[in-house]
Amino acid sequence: MLYDATVLGAGAAGLFCAGLLAQRGLRVLVVDHAPEAGRKILISGGGRANFTNLHTQPEHFLSANPNFAKSALARYTPQQFVALVERYGIAYHAKAPGQLFCDGSARQLVALLLAECAGAELRLRTEITSVERDGEGFTARTRTEGREAVVRSRNVVVATGGLSIPKLGATGLGYQVARQFGLGIEPTRAALVPFTFQPDDAARFQDLSGVALEAELSLSSPGNNRRSQPVRFRDKLLITHRGLSGPAVLQLSSYWQPGSAIALDLAPGREVTAPLLARAHRDLAGAREAWSAALPRRLAERLLELAPPGGWSNETLRAAEHSLHHWPLTPAGTEGYAKAEVTAGGVSTQDLHAHTLEARRVAGLYFIGEVVDVTGHLGGFNFQWAWASAAAAAGAIH
Ligand SMILES: Cc1cc2nc3c(=O)[nH]c(=O)nc-3n(C[C@H](O)[C@H](O)[C@H](O)COP(=O)(O)OP(=O)(O)OC[C@H]3O[C@@H](n4cnc5c(N)ncnc54)[C@H](O)[C@@H]3O)c2cc1C
């Protein structure tokens, strides 16, 4: 049998694309080596899937070509996906402005995607051993529980995701297929991932594990990001046993380059030393009180131990204020793909048509979702890219 499309990967992008194709009457096969479809969706958003962000804009994505995602994002909007979620009667709520989560479970979203692609054939526990060009189309060889099969199709859609969370089935298959067909790969790295401490910072802060605060993090040298604006994120910061986590950290990590320093504003918009500066009598007890009013108490005490303002003069208090807003830290690294929510980098957008996600030099070969060098910020943007890129490819396959 000749399929119209073989979709590699039954994740967010692959399932959505397969559904759109099958609903138009095309013969579609979806292949995945995992025992169940959409496993990453099930663990997303703490089990409730932050399935889109109503404020999605191209600025919420990293890519070597920041313009690439615009076309697909403009043609399949968050409102369209919300309409689909509503059609299935899935209740949802906004956690932060625009960030939509299921009220119940992410399983409802997987059920929606599976229902949408009821007309497609789904082969789970199936490895893809090779993909070759074959006349007008493609031949893929697969292995399902030891049984080999040959699948022929007019088009192949690669939706195998990134390298994050290998224990859920992430592999580099998509990059391998891209290289085989002559497409470039932007270097991949773990993104939306916690930082780890250098040994000296571990000794200073590790025992504060669990302390959380609102902070503003910025990159001292934004590395190879191509934004002219400084990279900065204000959100929750969490001290962990091994380093720093929390939304502000995950966001910054996507832009961080190994070895570069970050700056922490531990009390954004607050003047920590103001009560002390207003007083004639200044001492450690007063400083503890002032610092603790603006910061979690355990962190306030630790920072005072590490950097007490010498002599309590106006000058040393001002220097202390400055350092609370520009605390320098050079992470040892990140927690890597094992803990990363996404993989930055991937199939080069230079080699793909922005309108269709089809390879420029290989007709019928498409790359969608996270495997492409388009990486969203935290907040539902990665799923919106999965839906939008899937819709763009599906619209081009006939
Ligand atoms: C813990 C966590 C929480 C997240 N939370 C959110 C969130 O709330 N909101 C959001 O927008 N994004 C979130 N993300 C990111 C989001 O899950 C991904 O960006 C999205 O799933 C990417 O979709 P995809 O279809 O491209 O890839 P995936 O969903 O990863 O699907 C890829 C599929 O390909 C299959 N595959 C891979 N290699 C092979 C192979 N060799 N053979 C056969 N099959 C293969 C995999 O088994 C998988 O089913 C989260 C990620 C993680 C890890």
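A: 38 Å separate the centres of domain 1 and domain 2, taken over C-alpha atoms. This is a predicted model: local features need pLDDT of at least 70, side-chain atom pairs count only at pLDDT 80 or more, and totals for chains, interfaces and linings use all residues. Residues are numbered from 1 along each chain as its sequence is written.

Q: Which residues make up domain 1 and domain 2?
A: Domain 1 is 2–189 + 343–396, and domain 2 is 195–334. The bounds come from an automatic or database domain assignment.

Q: How many residues of domain 1 are in contact with domain 2?
A: Six, and they meet six residues of domain 2. Contact here means C-beta atoms, placed from the backbone, within 7 Å.

Q: What are the residues on the domain 1 side, nonpolar, polar or charged?
A: Four are nonpolar, two polar and none charged. Ala, Val, Leu, Ile, Met, Phe, Trp, Tyr, Cys and Pro count as nonpolar, Asp, Glu, Lys and Arg as charged, and the others, Gly among them, as polar.

Q: New topic. What is the strand order in the open sheet of seven strands?
A: 17-16-13-14-15-12-18, with antiparallel pairing. Strands pair if DSSP finds at least two bridges between them. Strands (E, at least two residues) and helices (H or I, at least four) are DSSP runs, numbered from the N terminus.

Q: Which are the edge strands?
A: Strand 17 (327–329) and strand 18 (333–334), each pairing on one side only.

Q: How many bridges join strand 13 and strand 14?
A: Seven, between residues 212–219 and 232–239. Ala212 has Leu238 of strand 14 as its bridge partner.

Q: Now the largest nonpolar core. How many residues does it have?
A: 119, and Cys17, Val157, Ile368 and Ala390 have the most contacts inside it. Such a core is a set of buried Ala, Val, Leu, Ile, Met, Phe, Trp, Tyr and Cys residues joined through C-beta atoms within 7 Å.

Q: Which helix gives the most to this core?
A: Helix 13 (residues 381–396), with 11 residues.

Q: What does Ile368 contact?
A: Leaving aside neighbours within four places in sequence, its contacts include Cys17, Val157 and Ala390.

Q: Last one. Is Leu113 buried or exposed?
A: Buried, because 23 other C-beta atoms lie within 10 Å. The cut-offs are 20 or more for buried, 12 or fewer for exposed, and partly exposed in between. Leu113 lies in helix 5.

Technical notes: Two residues are in contact if their C-beta atoms, placed from the backbone, lie within 7 Å.
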